[in-house]
Amino acid sequence: MDMSLLYTIPHAVPPREAFGLAIAIYFYLTGLSAGSFIISTLAYGFGMEKYKPLGKVGVVLATLLLIAAPMFLLLHSGRPLRAWHLFVYLNGTSPISWGSFLLTLYPINCIIYGFFMFRGNAKLTKIFGLIGIPLAIMVHGYTGFILSFAKAHALWRTSMMPILFLTSAMVSGVAMMILVTIIKDRFFGKERKVNTEVVFGLGKMLLWLLVFDLFLSFSDLSVHYFGEAESMEAARLLLTGTFAPTFIGVETLMGKVVPLVLVANTRTRNVMVYGFAAVLVMVGIFAMRCNVVLGGEFIPLL
Amino acid sequence: MAKTRYGFLIDLRRCIGCRTCQVACKAENDVPLGVYRTWVKEVEKGVYPKVRRHFVPILCNQCEKPACTRVCPVRATYSLPNGIVYIDPHRCIGCRYCMAACPYSVRFIHPERKVAQKCDWCWPRVRDGFGPPACVASCPTRAMVFGDLTDPESEISRILARVPTAVLKPETGNGPMVFYIGLDDEAARLVEAGGEE
């Protein structure tokens, strides 16, 4: 063996990235899927007629995104051909084990729900829509538990993770639906005219979700900042360290504060501004997934 | 037969940082290039000319309540009755969740087999009666002791009964089973903010 290789090892732990970018993308896609599914059920499950135009496109997107998302899991796993082990050898204390069933049931339910929606069967659509809501919440909520249960990393081992992930899922989902409405109406609609009622309605939803998301983000970070040694280190990494540009700049300012101002300001209430805010939010939430996943395991443990 | 619970003890006052344990482990377990089942962490203390290096060999703690086995979605990693945390390489799907959960970063993905691997205190070697783990057998200063904690007459039990020891990161609640004599507080924590230097 080459002795120089053996002797030039770092004096601390060799860097070992467990999750990385593939998992961040996976979290982002499941979040978008859960968000768009819930928007889709606003009309077909809860009878909010205003959002009827989003029912079909919502369920199609939810299904497609949730079929694409597990591909990143297979890409990330070392032995993708052994994925069937997940259904044979179960472990009740592992969120990934819960996820293997959620990731199977949720798209199946999406397809059934979509099938009845396209067939025009309002009653069955409603039933499967309402079944889908807890599934959508679980399919994204469990990803928060994945990080919470990985107790080695201070940034992850908080009970904030599931609710933080669910909120950001809704934020990104609503933002995506605003964009989808604009694109759909402008380029594919009969009159080439954007349905402002839907866009502004979603904008209002986005406004309050962003406020809640900022609050959660603040709670999480402030408790880390005043917490025990490793938590403080993690908070400093995000506030002043390597991840500060993406956390403060992209995620918080560009992805949450600026869109919040744009959507809240009634003087600039126009479709293009809302579309721009939605793009910023979608980029910001992607940055959030990267900050949490990559930032969480950035600090060496020993 | 009485129940066996293996334990591991490292006397850091004796450790000279020669990395023989690291090399012996590589040879014994056929560990590929770039990854390590055990390594020697180094910390420099003091200001020149009054400086001193501290060495801390790191290996799997074979925890009492391991975070890794709890999160493995396919139960590919589990505690043996003797306390050693073992990995079934034929069942592991390489999802790396155990790597994310381990507070000691001892797990890695085998570059060729693409499954999780880590130190198992040379369990196959110990089981088959070839003596203690390779690192223990090769340590030139005999800083490492391996033995049965349930046997009060074993060397490790006798030392643990009369010498103060410490473990790494007891606050995780994992119940680590590698005991250190003379563990330096600075060496036990991560090196510096953001892992620099």
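**Reading side-chain contacts**

Analyst: E42(B) counts as buried, at 11% relative accessibility; buried means under 20% relative accessible area, exposed over 50%, and partly exposed in between, with a 1.4 Å probe and protein chains only. This is a predicted model, in which local features need pLDDT of at least 70, side-chain atom pairs count only at pLDDT 80 or more, and totals for chains, interfaces and linings use all residues. Residues are numbered from 1 along each chain as its sequence is written, chains are lettered from A and ligands numbered from 1 in the order in which they are written, and side-chain values use heavy atoms, with hydrogens and water left out.

User: With which residue does E42(B) form a salt bridge?

Analyst: A salt bridge is a side-chain nitrogen of Lys or Arg within 4 Å of a carboxyl oxygen of Asp or Glu. Here the partner of E42(B) is R53(B), with the closest N and O atoms 3.0 Å apart. The pair links distant parts of the chain, 11 residues apart: R53(B) lies in strand β3 (residues 50–58) of chain B and E42(B) in strand β2 (residues 39–47). Helices (H or I, at least four residues) and strands (E, at least two) are DSSP runs, numbered from the N terminus. R53(B) is partly exposed, at 40% relative accessibility.

User: Where do D184(B) and K45(B) lie?

Analyst: D184(B) is in the loop between β9 (178–181) and α7 (185–188) of chain B, whereas K45(B) is in strand β2, 139 residues apart. Their salt bridge has its closest N and O atoms 2.9 Å apart. D184(B) is buried at 14% relative accessibility, while K45(B) is partly exposed at 25%. Shared partners also join salt bridges of R19(B), E42(B), E44(B) and R53(B) into one network.

User: How many aromatic pairs does the structure hold?

Analyst: Rings of Phe, Tyr and Trp (its six-membered ring) pair if their centres lie within 6.5 Å; planes under 30 degrees apart count as stacked, over 60 as edge-to-face and the rest as tilted. There are 22 such pairs over all chains. One of them, F145(A) with F149(A), is edge-to-face, at 5.9 Å centre to centre and 75° between the planes.

User: Why are F145(A) and F149(A) separated by about one helical turn?

Analyst: An α-helix has 3.6 residues a turn, so residues three or four places apart point the same way. F145(A) and F149(A) are four residues apart in helix α6 of chain A, and therefore about one helical turn apart.
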